[in-house]
Amino acid sequence: MDATVHQFPPYREETEPHAHDEHDHGHEHHEPDFWSGYIFSTDHKTIGIQYGFTALCFLLFGFFLMLLMRWQIAHPGSALPVVGALIHAITGDVMSPAVKDAAGNVIGYTMSPELYNSFGAMHGTIMVFLGIVPLAFAAFGNYVVPLMIGAVDMAFPRVNMASYQAYFLGGVVMLVSFFIPGGAAQAGWTSYSPLATSIPTHGQLFWIIGMFLLITSSLLGAVNFIATIIQLRAPGMTWMRLPWFVWAQFVTAFILLLAFPPLEAAAVMQLMDNAAGTSFFLPTGLAIGGHLAHVSGGGSPLLWQHLFWFLGHPEVYVLILPAMGIVCEILANNTRKPIWGYKSLVYAVLAVGFLSFIVWAHHMYLTGMGTKISTFFQATTMIISIPSVIILTCFFMSLWGGSIRFNTPMLFALAFLPMFGIGGLTGLPLGFNVSDVHLHDTYYIIAHFHYVVAPGTMFALFAGIYYWFPKMTGRKMNEFWGRAHFWGSFIFMNVVFQPMFAQGMAGMLRRMSNGGANYSAAVNGENGLDVIGGLSPFIMSLHVWILWGAVSLGIAQIPFIINLFWSIKHGEKVGTNPWDATTLDWQTPTPPPHGNFTKEIRVYRGPYEYSVPGHDTDFTPQNEPPAGLPAPQIATHAH
Amino acid sequence: MSDLHELKSAAQAGEPSAAQADSHGHPVDFNLYLRRCAFVFVAVLCAVALMIGISFLPEHYTWTHKVALILGIACCNAFIVAGFLMHLISEKKLVYMLLAFTVFFFAGLMGLTIYAMNDFPTGTTH
Amino acid sequence: MDIPYTVQARPDTGLYNAKLGIWLFLASEVMLFGGLFSAYVLLRVGADPGTWPHGWQNVTLGTVNTIVLALSAITTLMAWVACKVGQFGKFKFFHGCTLLLALSFLCIKLFEYHDHLTHYEIHLTDGRIADGHMKENNPAEDYVMIDGRYVSDESALIDLRAQKDVRETEIKIPRSEIKDMQSYGPWHNDYLALYFTMTGLHALHILGGSIVIGYLWGPGRKMWRTDPERFTNRVEVSGLFWHFVDLVWIFLFPVLYLT
């Protein structure tokens with residue numbers, strides 16, 4: 001084979017794979033056009049950015065849905081500000097009825113309970129499946145994992161492209177569902193039957209079809225990640241030398257691979273219930289709207305719940321593990337010392353992945369399960385908290401004795417620790433079925449899972465964006481506005497979600513479109529405690545705090561959005577390894593060319609060789625040859 | 001091009017080239033495979049015939065017995081197809097581990113779900 | 001740059017990329033059909049005693065389909081062996097057979113579906129039930145004609161295995177006597193819902209597999225001339241998928257047809 005040196009402008013594509021025995025002359029690469037370079041690219045870095053950009057757009061959209069919902073909760077029945085007329089134009093009179101003044105003039109449009117349910121269902125679906133999973137797993141994973149293991153690309157580049165396209169199509173289907181008569185799905189992101197089959201809108205069908213496309217995208221991605229991590233590690237990159245981010249993505253991919261298909265099976269059955277009149281999940285004697293439903297019956301609503309939560313629980317680990325991986329990399333880098341307990345972290349993440357498959361029914365404690373099965377799931381739920389705590393403990397211990405640099409990625413990574421801590425600890429009373437009986441379906445649950453995903457995962461993802469931005473663009477994001485973004489987000493995340501614990505413990509149920517106004521009306525007397533189950537004025541007033549917290553949280557994201565785009569062209573220029581990091585993703589040119597590495601990659605040491613005694617520098621890259629070994633060659637067309 | 005010539009000439013010479021070796025490096029013998037396939041096919045047909053026979057057994061055999069027997073034979077049938085036609089018998093450890101986890105989680109899904117549906121509180125009404 | 005281990009196996013795992021990839025995908029398919037089989041077990045065990053149908057399928061057609069699919073698994077494997085020994089002509093023959101067998105399977109399945117969808121259960125105003133295949137259902141006419149029988153109660157229709165002589169005659173029913181009428185589609189009961197869903201999803205997999213094998217047999221065969229080892233690997237990988245689809249049928253057939 002000839003050793004041809006190539007010109008490497010960004011993401012130059014090869015059009016056809018070359019056979020071994022042809023092309024003794026220099027390879028001819030041509031500059032890809034816009035379509036094959038940016039839209040139909042098979043390069044993992046382009047696909048990662050596609051996923052990231054699309055996911056951020058969906059996260060913003062989901063955020064707006066939430067703002068409207070919180071307005072409705074804080075001011076039930078009042079006209080929606082700013083976008084009321086637009087919502088009415090799209091959804092019609094039934095979903096967003098007019099609000100009239102005393103004279104009968106229309107002063108605005110409000111949100112009907114059906115529209116509230118629709119926004120609630122789609123907020124959850126969009127944030128989880130169109131926002132967090134694509135950003136945490138697909139975007140960061142696609143961009144960083146091949147670089148971190150020393151590979152030229154993912155194992156199956158065209159499958160990678162197909163996986164993004166399936167995701168994109170799924171997103172389009174979900175968005176389109178807002179515009180059809182009857183509107184988008186209303187049965188929650190959990191789409192419980194028989195409600196999901198009884199709602200008179202095709203939005204539920206669109207939801208199911210959208211889910212098929214998203215599940216397909218995730219399955220293809222999972223196959224790709226696992227095959228890549230197993231097969232394409234560079235020479236010398238043993239399993240125990242992998243950055244922990246790669247371990248986290250590996251376990252996440254396995255979870256997606258094995259947990260999503262039962263939901264897909266359930267979605268097929270719910271599709272048949274909706275479209276073909278079957279009764280997989282519709283029980284005998286079901287009445288809808290006071291009339292006996294014209295179905296064969298014999299089905300089981302609980303069957304849907306089991307199949308849904310079989311994915312639903314592992315899904316939350318899909319949401320958190322990549323984020324933990326990002327935090328791990330940033331902590332090691334910005335404490336300038338190795339992560340504490342690498343081996344424990346590896347075994348813990350494997351344990352979390354394995355156990356996550358056998359805890360699901362803790363979401364179903366109130367479905368009438370008997371004591372034996374409840375005890376089983378309670379036990380496994382308690383056991384799975386152990387490896388989670390081990391992971392968090394290792395992170396905390398890693399800070400001790402570190403030389404900490406408080407840059408923006410580090411601020412977000414540090415804040416992740418107590419925020420995830422709160423989220424995790426508040427999960428414990430939910431894992432015990434005695435206490436969950438009182439807390440299930442209350443605002444406590446909303447607070448718990450949002451703490452884990454919003455100031456938990458999202459902070460880690462923000463940290464990752466600030467951290468890897470210089471690798472993608474060659475420039476750093478503005479540090480001042482990064483800190484402004486951080487402090488605004490940190491303060492207002494807590495303003496939004498902390499009160500919800502109190503509301504939940506006071507008995508406020510979730511998914512109430514008027515925020516529980518009818519329960520507050522039941523309160524008798526001045527101290528608000530005379531009626532059991534009544535919600536006191538104080539508890540109700542928290543809704544207004546939360547609304548303004550959410551609006552402020554939204555405003556705090558503006559510097560981030562501007563910073564992101566502005567820094568692409570005007571950010572401070574930096575070299576190829578501005579953070580002085582040890583992992584292979586920082587040992588490439590910026591931005592990494594097609595093929596990623598310009599020299600043969602051979603790995604000689606673990607991923608966190610920071611501040612090793614006796615070294616000149618406080619970091620040693622994984623691929624730097626030990627003293628005495630020859631420098632690596634220019635990369636050839638190796639097999 | 002050279003690979004194909006190599007294959008063709010090797011096939012003509014009756015000698016296996018590297019490309020013709022199976023995963024263990026043994027030469028691939030077409031006729032041996034054909035005979036193995038015939039055996040597997042006959043075995044599958046026998047299993048199917050047995051299952052059909054069992055399902056038509058007279059009334060005094062309960063459906064529970066019949067189902068248990070039929071499923072047992074179906075598992076043997078599946079083992080034959082997976083083991084020989086998919087070469088699972090000679091597959092690598094990595095694939096075995098993957099399938100072992102999959103089977104465990106599938107068993108958990110089916111077993112725990114059915115257990116959960118059948119374990120519910122009794123004596124809850126006064 | 002070339003991605004390593006697309007053709008040669010990686011030494012420590014002993015697998016080339018696509019082989020690992022297809023086994024991973026098959027693991028997810030095990031969970032997919034596993035979810036459906038779990039639903040089957042749950043719904044059947046949870047059904048009231050005496051309400052779960054027996055003998056509603058044509059065992060002969062099912063057996064033929066089983067033989068067809070088993071044979072296609074053999075021809076698929078032999079197609080790969082032919083590639084391995086460099087005999088492309090044999091590859092074309094064997095995979096041609098695979099495609100024909102797949103087509104036969106789908107045709108028989110289509111016939112079975114049609115058979116169910118033209119089978120009606122008609123509740124009459126006098127309380128009787130007429131059950132049989134629709135012969136005439138002309139909207140302009142004031143009657144329907146079925147080839148079937150009368151029963152007094154639905155329970156008589158459940159276990160067809162237990163009934164020795166089911167005589168079917170031509171029955172003409174005036175529309176005025178019909179209370180309601182339903183075909184034996186997936187809406188009829190949970191057994192048929194499961195039958196149509198599980199065999200339908202399986203048939204979609206047969207179709208998908210046929211398209212991939214058809215591509216390799218047709219336009220994709222160009223790669224045999226340029227990169228025969230990689231082509232052989234593609235045949236092996238698609239063969240593994242095909243064998244898995246056969247494996248699913250090995251469980252579907254007894255579960256839906258024989259029990």
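Before the first selection, a word on helix geometry: axes are lines fitted to C-alpha atoms, for helices over the stretch in contact, and angles run from 0 to 180 degrees between N-to-C directions. Helices (H or I, at least four residues) and strands (E, at least two) are DSSP runs, numbered from the N terminus. This is a predicted model, in which local features need pLDDT of at least 70 and side-chain atom pairs count only at pLDDT 80 or more, while totals for chains, interfaces and linings use all residues. Residues are numbered from 1 along each chain as its sequence is written, and chains are lettered from A and ligands numbered from 1 in the order in which they are written.

**Stop 1: two helix pairs in chain A**

Select helix H16 (residues 479–505) and helix H18 (residues 537–570) of chain A. Their axes come within 8 Å and cross at roughly 160°. That makes H16(A) roughly antiparallel to H18(A) (under 35 degrees counts as roughly parallel, over 145 as roughly antiparallel, 65 to 115 as roughly perpendicular and the rest as oblique). H16(A) passes H18(A) in a left-handed crossing, meaning that the near helix is turned anticlockwise from the far one by less than a right angle; clockwise would be right-handed. The residues of this contact comprise 17 nonpolar, eight polar and no charged. For these classes, Ala, Val, Leu, Ile, Met, Phe, Trp, Tyr, Cys and Pro count as nonpolar, Asp, Glu, Lys and Arg as charged, and the others, Gly among them, as polar.

Now pick helix H7 (residues 203–231) and helix H8 (residues 244–276) of chain A, which pack at an angle of about 155° with axes 8 Å apart. H7(A) is therefore roughly antiparallel to H8(A). The crossing of H7(A) over H8(A) is left-handed, and their contact has 22 nonpolar, five polar and one charged residues.

**Stop 2: the domains of chain A**

Colour domain 1 (315–574) and domain 2 (575–639) of chain A separately; the bounds come from an automatic or database domain assignment. Their centres, taken over C-alpha atoms, are 34 Å apart. Across the boundary, 14 residues of domain 1 of chain A are in contact with 13 residues of domain 2 of chain A (contact: C-beta atoms, placed from the backbone, within 7 Å). Which helix gives the most to the domain 1 side? H15(A) does, with four residues. By class, that side of domain 1 of chain A has six nonpolar, three polar and five charged residues.

**Stop 3: chain B against chain C**

Show the contact between chains B and C: 46 residues from chain B and 43 residues from chain C. H1, H2, helix H3 (63–85) and H4 of chain B each supply at least two residues of the chain B side, with the largest share, twelve residues, coming from H4(B). The chain B side divides into 35 nonpolar, six polar and five charged residues.

**Stop 4: chain B against chain A**

Here 13 residues from chain B meet 14 residues from chain A. Helix H4 (residues 93–118) of chain B gives the most to the chain B side, with eight residues.

**Stop 5: confidence in chain B**

The chain averages 80, and 78% of the residues score at least 70. Confidence is lowest in helix H1 (residues 2–13) of chain B, at a mean of 45, and highest in helix H2 (residues 30–55) of chain B, at 92. Where pLDDT is low, the predicted coordinates should not be read in detail.

Terms used: Two residues are in contact if their C-beta atoms, placed from the backbone, lie within 7 Å. pLDDT is the predictor's confidence in each residue, from 0 to 100.
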